[in-house]
Amino acid sequence: MAMAALAKVVLGSIAFGIFWILAVFPAVPFLPIGRTAGSMLGALLMVVFRVIPPEEAYDAIDLPIIGLLFGTMVVSIFLEKADMFKHLGKLLAWKSHGSKDLLLRICLVSAVSSSLFTNDTSCVVLTEFILKLARQNNLPPQPFLLALATSSNIGSAATPIGNPQNLVIAVQSGIPFGKFLAGLFPAVLVGGLLNAAILLCYFWKLLSVEKDEEVVSTVSEVVAEDDMTLHRFSPATMSHLPSLHSQEFGSTLDALSRIQSSSGDFGYIGSFRSRANSVDIDVQNPSSSGIESFRASSAMKETAEVAGTSQKEDGVSSRRVSRTFSNQSRGSRGEPSVLSFDSKENLMERWRIMLWKACVYLVTLGMLLALLMGLNMSWSAIAAALALVVLDFKDACPCLDKVSYSLLIFFCGMFITMDGFNKTGIPSALWEFVEPYSRIDRASGIALLALVILVLSNLASNVPTVLLLGGRIAASASLISPAEEMRAWLMLAWVSTVAGNLSLLGSAANLIVCEQARRVQYFAYNLSFFSHLRFGVPSTLVVTGIGLLLMKNY
């Protein structure tokens, strides 16, 4: 493609430069508007500067990719609602045999979950749990956070739905889900094992300082109860458990006190209030036992429910609540307590919830099977998302509100910006210079191409790199053979994904782990840029090289 007119090249470069700066440094001091607004600003400038006509700007948006992103987000939200990720968290600490065993489990769980639910999702829901697990067992957080971030990136390379750049590659190349998985699975498997081995070697002394026996005895207690303040997955919002000193909780206890005063029984409320105060102290103390916190929070929920119903009923209802509390008090002293009249309804409700969770897992499995069968990926994901919305049988707004619409808008703006930058002719001119030396039928060509992808993925992010280079690399490889064209797409997916492990800015998953760990209350940890870089450089080079060798004969 020939270079465009000089004015078009200059204005297109300015628009792309603004987009790049805001995509890599979203809080830049002179324009701290963030990545999403920066993406839309770049797209707007491409149209205003007449680098790309308005009609072509709309056509530049790849709707199949947007639909696939939306569908996978909704499915992930319902999986989180069905406690899938909570079970993954518990699996990390189940019968753990020390810090090194825990590190290997994190590598395995994060790699598998990211290949099915995207690396960003895995990092969002597992970071806080892993950090608290390490802190409460006096383990250094850095090895485990690096294991989560790097293994999530490597594992996400296995499938088209593992990360955004794979979505782009799968849609643009037309490679079926099964062939995509078969082509990259050996590299992902060996690369994940190598990354885990490098982690163990790099942090062996640091992990050996701790006593494995202590870790085994405490890890199971940490995860035995639901006392961890886990972030509920929401690309848009994060929710926490309410404070025990909140106004709502205090008003609930006051309401119960008034109910109990009419019946002359003050013991239960007083004891519960004292338990709540002691629990809030325990929450502020990281070394306190999680089991008592869980019991108190459960009692808090039961008390709130009783308060809500008692305020709506008359004096007879108040006396019935008083008798219930008295029976609970007698039951705690060893005497038999009276069964609730709605125990059958509670049992039916539990069965309904279990059935709903099973349906969520079955729909997700059906989506994965549809993808493996080669059905349209975008419509398969959208169909699964809508099936889950119907099965939920509720207003879908609360769940749909958790979809990261800002990410979808970011992609729309990025598609327009990248298409405008391609029309300047600069990417084509640069590729024409590199292409003779980067043919994938030669080892030197593969090495140069991998180096270019590694550098661009860390400078311009991996998705823009794929949009800029994908079609050009595939076209060059197709001149050799159709098989080489597919291998070129898979190589691009592998290198651009593993490149995210090089530095903290190389992948959104890395930034998620860093920011989540820095904001965890009482357990915060700062994963610095250079601490990530010292491990990321050797790990990325070794894993990338081994993966390319395994793909050479594909």
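In the predicted model described here, the largest nonpolar core has 131 residues, and those with the most contacts inside it are Phe144, Phe411 and Trp494. The largest share of this core, 10 residues, comes from helix H4 (residues 63–81). Such a core is a set of buried Ala, Val, Leu, Ile, Met, Phe, Trp, Tyr and Cys residues joined through side-chain atoms within 4.5 Å, where buried denotes under 20% relative accessible area, exposed over 50%, and partly exposed the range in between (1.4 Å probe, protein chains only). Because the model is predicted, local features need pLDDT of at least 70 and side-chain atom pairs count only at pLDDT 80 or more, whereas totals for chains, interfaces and linings use all residues. Residues are numbered from 1 along each chain as its sequence is written, and side-chain values use heavy atoms, with hydrogens and water left out.

The protein chain has 26 helices and 0 strands, these elements being DSSP runs numbered from the N terminus (helices H or I, at least four residues; strands E, at least two). Of the 554 residues in the protein chain, 49% are buried. Among contacts (heavy atoms within 4.5 Å) with a separation of 6 or more, 77% are accounted for by residues 24 or more positions apart. Trp494, leaving aside its neighbours within four places in sequence, is in contact with residues including Ile154, Leu184, Val188, Val543 and Met551.

The lining consists of Ile446, Leu449, Ala450, Ile453, Ile473, Ala488, Met491, Leu492 and Val495, which divide into 9 nonpolar, no polar and no charged residues.

Gln165 itself is placed in helix H9 (residues 164–173) and counts as buried because its relative accessibility is 3%. Leaving aside neighbours within four places in sequence, Gln165 is in contact with Asn462, Val463, Val466, Ser496 and Thr497.

Positive phi values in residues other than glycine were computed for Arg50, near 60°, and for Thr118, near 75°. Arg50 is found in the loop between helix H2 (34–48) and helix H3 (54–60), and with 73% relative accessibility it therefore counts as exposed. Thr118, in the loop between helix H6 (99–117) and helix H7 (119–136), has a relative accessibility of 16% and so counts as buried. The side chains of Thr118 and Thr121 are joined by a polar contact of 2.8 Å, a term that denotes a pair of N or O atoms within 3.5 Å, of which, within protein, one must be able to donate a hydrogen and the other to accept it, residues adjacent in sequence counting only if both atoms are side-chain atoms. Beyond its neighbours within four places in sequence, Thr118 is in contact with Ser113, Ile161 and Gly162.

For the cavity analysis, a 1 Å grid over the protein atoms alone was used, a cavity being a set of points where a 1.4 Å probe fits but cannot get out, with lining residues having an atom within 4 Å of a point.

Notes. On a 1 Å grid over the protein atoms alone, a cavity is a set of points where a 1.4 Å probe fits but cannot get out, and a pocket is an open set with protein on both sides within 12 Å along at least five of seven lines; lining residues have an atom within 4 Å of a point. Ala, Val, Leu, Ile, Met, Phe, Trp, Tyr, Cys and Pro count as nonpolar, Asp, Glu, Lys and Arg as charged, and the others, Gly among them, as polar.
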